[in-house]
Amino acid sequence: MFAFPEQFSNATKANLESQFALFSALTSKTFEGVEKLVDLNINTVKAALEDSSATTRQLLAVKDAQEFFAVSASQAQPAAEKALAYSRQVASIAADTGAEFSKAAEGQFAEVNRKVISLVDEVTKNAPAGSETYVSALKTAISNANAGYEQFTKTTKQAVEAIESNLNAAVSQFTQATRKAGAAANSAAAA
């Protein structure tokens, strides 16, 4: 007799367990990413409040308008650099979390793929004579699905790399513009 129902039942159970493991891993990675963002935001707010208090004390101590503008201008460059550092840290956290997601998904896909191939091999051992064409078609379909997944993964990685490259270029341009604006503000305050 054939043990198809039992084989498929075991395969389904294993697949559900694998999906639950993946869901648990992704949930854990999500919480780690959120925790990092919360810590970053708390530290950023604390630093911003300290900077704001120091700047306010400096502004309250000024004696004339020229000194007021000089103090104000001197704060532009550090504030822009801190904003830039913050955005880089957020991008880093997002990239790290995305990489962890990809790694977990790739590992899960490889495991599921291994189990499916094992199940197909086991089922084909018990297949009746004359079903070789169907077995070959099933194996070809699995192979095509694997090739499609690999292409999708490759394309996704390229898209992520392009986004990171564009973000880095934008940050670089922002940094240059901030430095120029800070220099211009300092020149104007000195005049």
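Questions and answers on side-chain pairs, contacts and surface in a predicted model follow.

In this predicted model, local features need pLDDT of at least 70 and side-chain atom pairs count only at pLDDT 80 or more, while totals for chains, interfaces and linings use all residues. Residues are numbered from 1 along each chain as its sequence is written, and side-chain values use heavy atoms, with hydrogens and water left out.

User: How many salt bridges are there?
Analyst: A salt bridge is a side-chain nitrogen of Lys or Arg within 4 Å of a carboxyl oxygen of Asp or Glu. One of them joins K82 and D51. By this rule the count is three.

User: What separates E32 and K29 along helix α1?
Analyst: Helices are DSSP runs (H or I, at least four residues), numbered from the N terminus. E32 forms a salt bridge with K29, with the closest N and O atoms 4.0 Å apart. The two sit three residues apart in helix α1, so the separation is about one helical turn.

User: Is E32 buried, partly exposed or exposed?
Analyst: Buried means under 20% relative accessible area, exposed means over 50%, and partly exposed is in between (1.4 Å probe, protein chains only). E32 has 35% relative accessibility. E32 therefore counts as partly exposed.

User: How many residues apart are E100 and K29?
Analyst: E100 forms a salt bridge with K29, the closest N and O atoms being 3.4 Å apart. This pair links distant parts of the chain, with E100 in helix α2 and K29 in helix α1. The two are 71 residues apart.

User: How far apart in sequence are the parts tied together by K82 and D51?
Analyst: The closest N and O atoms of the K82 and D51 salt bridge are 2.3 Å apart. K82 lies in helix α2 and D51 in helix α1, so the pair ties together parts separated in sequence by 31 residues.

User: Which residues do salt bridges with shared partners join into one network?
Analyst: K29 pairs with E32. K29 also pairs with E100. The network is K29, E32 and E100.

User: Which backbone oxygen does the side chain of T97 reach?
Analyst: T97 is in helix α2 (residues 65-125). A polar contact is a pair of N or O atoms within 3.5 Å; within protein, one must be able to donate a hydrogen and the other to accept it, and residues adjacent in sequence count only if both atoms are side-chain atoms. At 2.9 Å, the T97 side chain reaches the backbone oxygen of I93.

User: Which residues does T97 touch, not counting those up to four places away in sequence?
Analyst: Contact means heavy atoms within 4.5 Å. With residues up to four places away set aside, T97 touches K29 and G33.

User: Are the rings of F68 and F69 stacked, tilted or edge-to-face?
Analyst: Rings of Phe, Tyr and Trp (its six-membered ring) pair if their centres lie within 6.5 Å; planes under 30 degrees apart count as stacked, over 60 as edge-to-face and the rest as tilted. The count comes to one aromatic pair. The F68 and F69 centres are 5.6 Å apart and the planes stand at 80°, so the pair is edge-to-face.

User: Is F69 buried or exposed?
Analyst: F68 is partly exposed, at 33% relative accessibility. F69 has a relative accessible area of 54%, so F69 is exposed.
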